[in-house]
Amino acid sequence: MTGIDTRVLRERAEALSADRAGLRRRLGLSGTVFLFVGTVSELKGVPRMAAAFREAMTEGGPRATLVVAGRGPLSENLQSALSGVPSLELKQLGFVEPARLPELYAAADVFVLPTLQDNWSLAVLEAAVAGVPQVFSVYNGGSRDLIDAGAAGVMIDPLDGAGFAGTLRTMVANPPPRAPAA
């Protein structure tokens, strides 16, 4: 089993949030910042996420950045799938040391993990603890538990491309407020 010290993560993310604008500048992030943490793979819903962002982002619309903390068999495919998407910047960071994750959670507006199969993803707990609103997948066993416990976000079915894209479009135009750290 793997786990995290939620108290330490929450405290570090809160401390880093004190200068959130400076943190985002240092990281080169603009617009609504979406964060994905996980293996860049089919099982984690990466192709579905790319398709939803392609549909959601419009020429001349609000800007967004998708930060991907992780690597996997579809890393290059993701770059290709999102190249040329209007108003979206992709930042693939590859593997990120766990000690650096609080700064990414502090900088993010929305966490997205459109997994197609997860018992209880640790990354959704990390995002909830850091107070980042989420696009929860119905296929993540932890989604309902976290929503019931008060985590901020919306539940989507990543297999519903139009619904997923609509959720992203709404969040790009009107980023949800950060929640109090759980």
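## A tour from the sheet to the pocket

Begin by selecting S137 and I156: S137 stands opposite I156, which belongs to strand β6. Keep in mind as you go that this is a predicted model.

**Stop 1: strand β5 and its neighbours.** Now widen the selection to β5, residues 134–137, together with β6, residues 153–156. These two strands pair in the parallel sense, over four bridges. Colour the side chains of β5 by direction: Q134 and F136 point one way, while V135 and S137 point the other way. Are these β5 residues buried or exposed? All of them are buried.

Stop 2: In what order do the six strands run? The order is β3-β2-β1-β4-β5-β6, in an open sheet with parallel pairing. At the edges are β3 and β6, each of which pairs on one side only. Look along the sheet and you can follow its twist, which averages 25° from one strand to the next.

Then select helix α4, residues 75–82, which packs on the sheet and touches β2 (64–69) and β3. The direction of α4 makes about 170° with that of β3.

**Stop 3: helix α2.** Move on to residues 20–27, the helix α2. Its buried residues are R20, G22, L23, R24 and L27. Here is a handy point for reading the pattern: an α-helix has 3.6 residues a turn, so residues three or four places apart point the same way. What covers the buried residues of α2? The cover includes α1 (6–17), β1 (32–37), β3 (88–94) and α5 (101–107). Before leaving, click on G28, which follows α2 and has a positive phi, near 70°.

**Stop 4: the largest pocket.** Finish with a surface view. The largest pocket holds about 330 Å³ of space. Of the 19 residues that line this pocket, select V96, P98, A99, L101 and E126, the closest to its centre. Which elements give two or more residues to the lining? They are α1, α5 and α6 (122–130), and α1 gives the most, with three residues. Colour the lining by class and you will find twelve nonpolar, three polar and four charged residues.

Terms used: Residues are numbered from 1 along each chain as its sequence is written. This is a predicted model: local features need pLDDT of at least 70, side-chain atom pairs count only at pLDDT 80 or more; totals for chains, interfaces and linings use all residues. Side-chain values use heavy atoms; hydrogens and water are left out. Buried means under 20% relative accessible area, exposed over 50%, partly exposed in between (1.4 Å probe, protein chains only). Contact means heavy atoms within 4.5 Å. On a 1 Å grid over the protein atoms alone, a cavity is a set of points where a 1.4 Å probe fits but cannot get out, and a pocket is an open set with protein on both sides within 12 Å along at least five of seven lines; lining residues have an atom within 4 Å of a point. Grid points are joined across faces, edges and corners, and a volume is the space filled by probe spheres set on the points. Ala, Val, Leu, Ile, Met, Phe, Trp, Tyr, Cys and Pro count as nonpolar, Asp, Glu, Lys and Arg as charged, and the others, Gly among them, as polar. Two strands pair if DSSP finds at least two bridges between them. Axes are lines fitted to C-alpha atoms, for helices over the stretch in contact, and angles run from 0 to 180 degrees between N-to-C directions.
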